[in-house]
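User: Hey, could you walk me through the model below? I'd like to go through strands, rings and packing, one question at a time.

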Amino acid sequence: MCDLMPASQPAEKIGKMKKLRRTLSESFRSIAFKKEDSGFDEICVTKMSTRSCQGTDSVIKPLDTIPEDKKVRVQRTQSGFDPFEKPASQVKRVHSENNACINAKSSSASKESPKLRRHSSPSSPTSPKFGKADSYEKLEKLGEGSYATVYKGKSKVNGKLVALKVIRLQEEEGTPFTAIREASLLKGLKHANIVLLHDIIHTKETLTLVFEYVHTDLCQYMDKHPGGLHPDNVKLFLFQLLRGLSYIHQRYILHRDLKPQNLLISDTGELKLADFGLARAKSVPSHTYSNEVVTLWYRPPDVLLGSTDYSTCLDMWGVGCIFIEMIQGVAAFPGMKDIQDQLERIFLVIGTPSEDTWPGVNSLPHFKPDRFTVYSAKKLRQAWNKLGYVDHAEELASRFLQCFPKNRLSAQAALNHEYFSNLPPRLWELQDMSSIFTVPNVKLQTESGDSIQVCARRNSHGKASSGSKH
């Protein structure tokens, strides 16, 4: 049991105790140790007020020149604190930092580099960190959809440009499953041809996915270069698309929403797959049609007919559509109305399917033979003449655009197609995170239309080829 203080204790003793507390509190101030180039240990006793280390109260002296009584005073203040003067949590933090500084100095007599010491000091609690909303500055809006808005931003942590996909969370619905799926998938995908997810920020109102910033997409790129892209560039873009798809397909991941708007193009020509599983949060479309209609243009006929038996071949139809659009300069199957119209456009070129050409088609929910005109299959160059100007392009496109899903060429097999035979062999030896543009002489060509010989007759822009490369 504690001894109680007698009620008759003189008042002057209470006053002395208070004075002692104040004295101890004043002596326990922030102690910052410095080490000058001379190697002497120095301390600066700083008042808790706004005064800096100036004047006679805070002169910096070598430890050996401090009087013995003051040395004792400094040592005592390392082991105690006054709860009446400062919150215990704050004092405990300062106390532990000072002790850590003293212990580090006493354990080593060698000189410590000032640069190393700065790096080892505790970071400011107000400094920007990953995972925090205030660590990124919004610069401009890039696009907006029903559920998300995409901003160009800048990281306060490292100063790099980023893309901020801000998904609005509805309190009654919680986090959209598609957002969770995209975040969880991208966290595990590390490839040069897949957009990199830097950070995830979750608040009560929003879920923000922080991506590397890529300044344009394939849709905008093609809009700036109408009439079809340079055939060399088509080949490099397609190679990168297949490279990224092969990577995710080997991990049993489907993209399921391939279209030019979801293929980002960097200023060096790198193509990156983006928008995994978040189909409802889209950037502003470059065309005047709604997002739903545009998406139909790249959707395979099996999905349009109601099939839910998805496999990697689902993505490969979209690859064929994008391949043709890059070469021809127009969408392969630009449906204007609905699913029925979209299928009619496909069957007009590929041919109306039957049980003979597509086993099981009659069992699909939306396939009614009497609803579709019966068309016979045509050569692709009859619909898209520029396929005939590039060696092996028509044959490769036809391998992608197969109505029967199992007949479509896989991404990995397509990479070994003869269409790519004139590319440097080193492209097939690259590590996942290595860009194809690290290989010598691999670069985008100027979209001039007259700088490359595609075949003996004409190039992709319909002009006579000069037979030279720039």
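User: Let's start with the hairpin: how many residues sit between S4 and S5?
Analyst: Quick heads-up that this is a predicted model. Strand S4 covers residues 136-144 and strand S5 covers 148-155, and they run antiparallel with seven bridges joining them. Together S4 and S5 make a hairpin, and the number of residues between them is three.

User: Which residue in S5 stands opposite lysine 138, and what ring does that lysine lie over?
Analyst: Across the strand pair, lysine 138 faces glycine 153 in S5. Lysine 138 also lies over a ring face, 4.4 Å from the ring centre, and the ring belongs to tyrosine 151.

User: Which residues touch the most other members of the largest nonpolar core, and which element gives the largest share?
Analyst: That core has 89 residues, and the ones touching the most other members are Leu238, Leu242, Phe323 and Phe333. Leucine 242 has contacts beyond its sequence neighbours within four places, including Met316, Val319, Phe400 and Phe420. The largest share of the core is ten residues, and it comes from H7.

User: How many residues are in the other core, the one with Tyr151 and Val162?
Analyst: This core lies apart from the largest one. Val166 and Val210 are also among its members. The count is seven residues.

User: How many aromatic pairs are there, and what kind is phenylalanine 347 with phenylalanine 372?
Analyst: Searching the whole structure turns up ten aromatic pairs. For phenylalanine 347 and phenylalanine 372, the centres are 5.3 Å apart and the planes are at 80 degrees. Planes over 60 degrees apart count as edge-to-face, so this pair is edge-to-face.

User: Why does that pair tie together separate parts of the chain?
Analyst: Phenylalanine 347 is in helix H11 (residues 339-350), while phenylalanine 372 is in the loop between H11 and helix H12 (380-383). Phenylalanine 347 is buried at 0% relative accessibility, and phenylalanine 372 is buried at 6%. The pair ties these parts together because they are 25 residues apart in sequence.

User: Is the pair of phenylalanine 367 and phenylalanine 372 stacked or edge-to-face?
Analyst: Both residues are buried. Their ring centres are 5.9 Å apart with the planes at 15 degrees, so the pair is stacked.

User: What about leucine 305: buried or exposed?
Analyst: Leucine 305 is in the loop between helix H9 (301-304) and helix H10 (313-328). Leaving aside neighbours within four places, its contacts include Leu343, Trp358, Phe367 and Phe372. Its relative accessible area is 0%, so leucine 305 is buried.

User: And how far apart in space are leucine 305 and lysine 368?
Analyst: In sequence, leucine 305 and lysine 368 are 63 residues apart. In space, C-alpha to C-alpha, the distance is 9.4 Å.

Conventions. Residues are numbered from 1 along each chain as its sequence is written. This is a predicted model: local features need pLDDT of at least 70, side-chain atom pairs count only at pLDDT 80 or more; totals for chains, interfaces and linings use all residues. Side-chain values use heavy atoms; hydrogens and water are left out. Rings of Phe, Tyr and Trp (its six-membered ring) pair if their centres lie within 6.5 Å; planes under 30 degrees apart count as stacked, over 60 as edge-to-face and the rest as tilted. Helices (H or I, at least four residues) and strands (E, at least two) are DSSP runs, numbered from the N terminus. Buried means under 20% relative accessible area, exposed over 50%, partly exposed in between (1.4 Å probe, protein chains only). A charge sits over a ring if NZ of Lys or CZ of Arg is within 6 Å of the ring centre and within 35 degrees of the ring normal. A nonpolar core is a set of buried Ala, Val, Leu, Ile, Met, Phe, Trp, Tyr and Cys residues joined through side-chain atoms within 4.5 Å. Contact means heavy atoms within 4.5 Å. Two strands pair if DSSP finds at least two bridges between them.
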